Amino acid sequence: MSKQGIILLAAMSSTFDLKKLFLYTCVRGFFNEWVYMRTFRFLWIFLAVSFYANANDSNRIENAVAFSSASSVYEWDEQRVFFKKNGYLWIKNFFSNEQVRSLQNWTDEIGVTAQSILTLAKNSGKNTQYLAQVPGTLIAVPESSNPLQVCRAEDLLTCYPDLHLFVVGTLTSYINQLTEEPYVVFKDKINFKWPGGGAFIPHQDFPAYESFGPREHITAMVSIDPATVENGCLYVAEEWQETVAGDPAINALDLEVGRAILPYIVGGSSHGSIQPQYSEKMSWLALETSPYDLVLINSFVPHYSEPNRSSNSRRAMFFTHNRLQEGEHREAYYQAKRYDPYNPTFHFATPTDGRNK
Ligand SMILES: O=C(O)CCC(=O)C(=O)O
């Protein structure tokens, strides 16, 4: 191999896949190309040390598996098997440039409206939940730490029918093909996570949805801003079923089919959070997603995200679906939310204020 080739390979090896090839080349180079090794020994040492420092830091991030959009029968099957086993599916480069721009435009517009609702609430002396009772308007929910900072906006699809069409044509149709049956949107929201925005503590979604009827949910997460560890990207638990297997507090039959509810905190500021003795045992994968990516999660995979410690927003849209076979529940869900907004079920492991939290 040429001198340039070795240097290029070494540089590329700081990403993970070429690790073994890089080490192999080092060993070969050591014996066969001693001259290069001598000439570049400081470069080799630097690359090897920085590679291992990197690998240790980001090992868990690298463990998350990402796919491309499925197109062949084989790829669909592969994604079905992965999703069923892991409860999450990360698809890189799912959206086109134009789609990303449209999603960002919708989010900008919704962000401005949500912010003006919070300001209006403050100026009128009414809380935002009171204003949310007006049907057909956006539901804006502030961060518990700041009544003027939008945490999330909900019921977007009522106010933006073109966004609804977009979701059905892209996300719902992908979910339908993945599951080989029709799904419908159950709830829809944007979590804004502005700088300083709070954490979503470890939780499973199912207990928060359970009382509305459907048993199966798939949430599509669309990153509007690049999500990073620093700005509070989503983490999912890797092999969570194996981690808690054998625990007497967990239903073994439910666990076997990936539907076990882990013991969680009821009431108080951590309402909905998986009890720490379980979440601390989990191995968490950081999904550092780009606005081109799509992530699907089922409602049992434990997940969380940290506060936004950066100076930029970490906005993400979430479109939760249920099987059409189990009925359409979106309207009933938002009606309930508009009229009992402080019910803790709507503030499950979130940095927002609910009754009794
Ligand atoms: O926005 C996030 O980081 C987490 C979202 C989430 O888990 C939720 O809204 O339930």
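View 1. Eight strands form an open sheet in the order 1-2-10-7-12-5-4-3, and their pairing is mixed; two strands count as paired if DSSP finds at least two bridges between them. At the edges stand strand 1 (66-67) and strand 3 (139-143), each of which pairs on one side only. Strand 2 (residues 88-91) and strand 10 run antiparallel and are joined by 4 bridges, and Leu89 has Leu296 of strand 10 as its bridge partner. Helix 6 packs on this sheet, where it touches strand 3, strand 4 (146-154), strand 5, strand 7 and strand 12, and its direction makes about 135° with that of strand 4. Helix 9 also packs on the sheet, touching strand 5, strand 7, strand 10 and strand 12, with its direction at about 125° to that of strand 5. For these angles, axes are lines fitted to C-alpha atoms, for helices over the stretch in contact, and the angles run from 0 to 180 degrees between N-to-C directions. Helices (H or I, at least four residues) and strands (E, at least two) are DSSP runs, numbered from the N terminus. This is a predicted model, in which local features need pLDDT of at least 70 and side-chain atom pairs count only at pLDDT 80 or more, while totals for chains, interfaces and linings use all residues. Residues are numbered from 1 along each chain as its sequence is written.

View 2. Leu163, Val167, Leu171, Thr172, Tyr174 and Ile175 of helix 9 are buried, where a buried residue has 20 or more other C-beta atoms within 10 Å of its own, an exposed one 12 or fewer, and a partly exposed one a number in between, with C-beta atoms placed from the backbone. The buried residues of helix 9 pack against partners that include helix 6 (97-124), helix 8 (156-159) and strand 5 (183-191). Just after helix 9, Glu180 takes a positive phi of about 60°.

**View 3. The largest nonpolar core.** Among the 74 residues of the largest nonpolar core, Ala140, Ala153, Val236, Val295 and Leu296 touch the most other members; such a core is a set of buried Ala, Val, Leu, Ile, Met, Phe, Trp, Tyr and Cys residues joined through C-beta atoms within 7 Å. Helix 6 contributes the largest share of this core, 6 residues. In soluble globular proteins, nonpolar side chains tend to be buried together. When its neighbours within four places in sequence are left aside, Val295 is in contact with Tyr88, Trp90, Met221, Leu234, Leu287 and Thr289, contact meaning that the C-beta atoms of two residues, placed from the backbone, lie within 7 Å.

View 4. Strand 8 (residues 234-238) pairs with strand 9 in the antiparallel sense over 5 bridges, and Glu238 stands opposite Ser283 in strand 9. Strand 8 also pairs with strand 11 (residues 303-305), again in the antiparallel sense, over 3 bridges, with His303 of strand 11 as the bridge partner of Val236. In strand 9 (residues 283-287), 4 of the 5 residues are buried, so this strand is largely enclosed by the rest of the structure.

**View 5. Two residues with positive phi.** Lys193, a residue other than glycine, has a positive phi near 40° and is placed in the loop between strand 5 and strand 6. Lys193 is buried, because 31 other C-beta atoms lie within 10 Å. Ala349 lies in the segment after helix 14 (330-339), and its phi is likewise positive, near 60°. Ala349 counts as buried, with 22 C-beta neighbours inside 10 Å.

**View 6. Asp77 in helix 5.** Asp77 belongs to helix 5 (residues 73-86) and counts as exposed, with 11 C-beta neighbours inside 10 Å. Although Asp77 and Leu178 are 101 residues apart along the chain, their C-alpha atoms are separated by 8.3 Å.
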